[in-house]
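We'll go stop by stop, with something to pick at each one.

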Amino acid sequence: MSKSSGQKLKLLYLRDILLKRTDDNHGMTAAEIIDALSEFNIKSERKSLYDDISSLQMYGLDIEKIKSNTTRYYVASRDFELAELKLLVDAIQSSKFITRKKSMELIEKIEGLVSNSQGK
């Protein structure tokens, strides 16, 4: 694997990709992850990707895999459950002392705690 200027950031980008683009219902194949890393000008090979996923698991990120025709990886657990975050959003929206602008800012921050598909 060639060393590019962003190669040292590979694990961080991989972590962000898995947190943002995967959940229990939306996994990513190794090829999809490699394509996603290439969006950040990070080159990756399948074998090194498996080592990187293993490193993130040792670090404490709960990455699971679904084996079928192709193996798909996803983040299985997060700091907050989706139901807890929905409760927080409801509380913010129903609050009378938080301005609409501040409510929208808080809700956007909460959306950042789940995958893109769950945030919708």
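How many helices and strands does the chain have? Colour by secondary structure and count six helices and three strands, where helices (H or I, at least four residues) and strands (E, at least two) are DSSP runs numbered from the N terminus. Walking from the N terminus, you pass the elements in the order α-β-α-α-β-β-α-α-α.

A quick word on ground rules. This is a predicted model, in which local features need pLDDT of at least 70 and side-chain atom pairs count only at pLDDT 80 or more, while totals for chains, interfaces and linings use all residues. Residues are numbered from 1 along each chain as its sequence is written, and side-chain values use heavy atoms, with hydrogens and water left out.

**The whole chain**

Zoom out first. The C-alpha trace spans about 55 × 35 × 25 Å along its principal axes. Now show the surface: the chain exposes about 8400 Å², an area that comes from the Shrake-Rupley method with a 1.4 Å probe. Of the 120 residues, 31% are buried; buried means under 20% relative accessible area, exposed over 50%, and partly exposed in between (1.4 Å probe, protein chains only).

Contact means heavy atoms within 4.5 Å. Take the contacts between residues at least 6 apart in sequence, and 59% of them join residues at least 24 apart.

Next, colour by charge, with Lys and Arg as positive, Asp and Glu as negative, and His and the chain ends not counted. The 20 positive and 18 negative charges have mean positions 4 Å apart, with each charge placed at NZ of Lys, CZ of Arg, CG of Asp or CD of Glu.

**Stop 1**

Two packed helices are described by the angle between their axes and the distance between the axes. Here the axes are lines fitted to C-alpha atoms, for helices over the stretch in contact, and angles run from 0 to 180 degrees between N-to-C directions.

Select residues 10-21, which is helix H1, together with H3; they pack at an angle of about 75°, with their axes 10 Å apart. That makes H1 and H3 roughly perpendicular. The labels go like this: under 35 degrees is roughly parallel, over 145 roughly antiparallel, 65 to 115 roughly perpendicular, and the rest oblique. Show side chains on the H1 side for Lys10, Leu11, Leu14, Arg15 and Leu18, and you'll find them meeting Ser48, Leu49, Asp52, Ile53, Ser55 and Leu56 in H3.

While you're in H1, click leucine 19. Which residues does leucine 19 touch, not counting those up to four places away in sequence? They are Leu61, Val75, Arg78, Val114 and Ser115. Draw a C-alpha distance from leucine 19 to lysine 109 as well: these two are 90 residues apart along the chain and separated by 14 Å.

**Stop 2: H2 against H3**

Ala30, Ile33, Ile34 and Leu37 of H2 make the contact with Arg46, Leu49, Tyr50 and Ile53 of H3.

Now follow the loop between helix H2 (30-38) and helix H3 (46-59) to asparagine 41. Its phi is positive, about 60°, although asparagine 41 is not a glycine. Asparagine 41 counts as exposed, at 63% relative accessibility.

Step on to arginine 46 in helix H3. Is arginine 46 buried or partly exposed? At 48% relative accessibility, arginine 46 counts as partly exposed. Beyond its neighbours within four places in sequence, arginine 46 is in contact with Ala30 and Ile34. Then stretch a C-alpha distance from arginine 46 to phenylalanine 97: 51 residues apart in sequence, 51 Å apart in space.

**Stop 3: H4 against H5**

Select residues 82-94 (helix H4) and 100-111 (helix H5), whose axes come within 10 Å and cross at roughly 175°. That makes H4 roughly antiparallel to H5. On the H4 side, pick Leu85, Leu88, Val89, Ile92 and Gln93, which meet Ser103, Leu106, Ile107 and Ile110 in H5.

Glutamine 93 is worth a click too: at 54% relative accessibility, glutamine 93 counts as exposed. Its C-alpha is separated from that of aspartate 16 by 28 Å. Finish on alanine 83, also in helix H4, which counts as exposed at 54% relative accessibility.
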